[in-house]
Amino acid sequence: MSPIQRIRPEGLVSSPAFSHVAVVPPNATTIYVGGQNSVDSGGSLVGEGDVGVQSGRALANAKTALAAAGATLRDVVQWTVLFVDGADLAAGYGAIASDLAADEPPLVTAAFVSRLGVPGALVEISAVAAVER
């Protein structure tokens with residue numbers, strides 16, 4: 001089996017937090033995790049007004065979704081993180097950074113949006129993962 005390659009090419013900004021390119025081998029199963037907010041199993045918002053708490057819960061929900069498909073955080077190839085305008089990006093990432101740390105980090109896209117589908121949600125996290133079979 002050939003491993004998933006995460007590449008940080010020379011000539012692009014070097015960051016320990018993310019890679020720029022990922023190459024998934026043909027023997028891998030791709031897993032897509034839809035946007036996860038800070039909601040409990042009943043759909044109630046957790047951590048109202050606290051982007052750190054909400055980021056932690058959204059990531060926990062993403063972990064649960066990944067596990068249901070046989071994947072872990074280490075299998076994530078791409079994260080997309082949406083923050084509501086005005087949310088503290090440093091506090092949001094700070095709450096989850098240790099869980100996302102890796103020698104070969106995944107690709108990351110972050111953006112600010114005017115609002116999210118869950119009222120009061122400050123962050124939404126989605127992922128693409130690949131599991132070698």
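**V131**

I started with V131, which sits in strand β6. This is a predicted model, so I keep that in mind for everything below. I looked up burial for V131: the relative accessible area is 9%, and because the cut-off for buried is under 20%, V131 counts as buried.

**Confidence**

The average pLDDT of the protein is 94, and 98% of the residues score at least 70.

**Fold and overall shape**

I counted elements: the protein has 2 helices and 6 strands. Reading from the N terminus, I get the order β-β-β-α-β-α-β-β.

For dimensions, I took the box along the principal axes, and the C-alpha atoms fill roughly 45 × 35 × 25 Å. The radius of gyration is 15 Å, which agrees with the value near 14 Å that a compact globule of 133 residues would have. Of those 133 residues, 35% count as buried. I also looked at the contacts between residues at least 6 apart in sequence, and 73% of them join residues at least 24 apart.

**N61**

Back to single residues. Is N61 buried or exposed? I read 13% relative accessibility, so N61 counts as buried. Setting aside residues up to four places away in sequence, I find N61 touching Q36, N37 and V39.

**V118**

I went to V118 next, in the loop between β5 (107-113) and β6 (123-132). Its relative accessibility is 21%, so V118 counts as partly exposed. Which residues does V118 contact, once neighbours within four places in sequence are left aside? I get N37, V39 and L45. N37 and V39 also turned up in my list for N61.

**D40**

D40 lies in the loop between β3 (28-36) and α1. At 30% relative accessibility, I log D40 as partly exposed. Neighbours within four places aside, D40 is in contact with V46 and R57. I also noted D40 against A17: 23 residues apart along the chain, with 28 Å between their C-alpha atoms.

**F112**

F112 is in strand β5. I was curious how much of this Phe shows, and the relative accessible area is 44%, so F112 is partly exposed. Beyond neighbours within four places in sequence, F112 is in contact with F83, V84, D85, A87 and L89. F112 and V81 are 31 residues apart in sequence and 8.7 Å apart in space, C-alpha to C-alpha.

**Largest pocket**

Last, I looked at the largest pocket, which holds about 220 Å³ of space. What lines it? I listed P16, A17, F18, W79, Y93, A97, L100, A101, A102, P105, P106 and V108. Helix α2 (residues 89-100) gives the largest share of the lining, with 3 residues. By class, I count 12 nonpolar residues in the lining, no polar ones and no charged ones.

How values were computed
Residues numbered from 1 in each chain as written. Predicted model: local features only at pLDDT ≥ 70, side-chain atom pairs only at ≥ 80, totals over all residues. Heavy atoms only, no water. pLDDT = per-residue confidence, 0-100. 1 Å grid on protein atoms, 1.4 Å probe; cavity = no way out; pocket = protein on both sides within 12 Å on 5 of 7 lines; lining within 4 Å. Points joined across faces, edges and corners; volume = space filled by probe spheres on them. Helix = DSSP H or I, 4+ residues; strand = E, 2+ residues; numbered from the N terminus. Nonpolar A, V, L, I, M, F, W, Y, C, P; charged D, E, K, R; others polar. Rg over C-alpha atoms; globule rule 2.2 N^0.38 Å. Buried < 20%, exposed > 50% of the residue type's maximum accessible area, 1.4 Å probe, protein only. Contact = heavy atoms within 4.5 Å.
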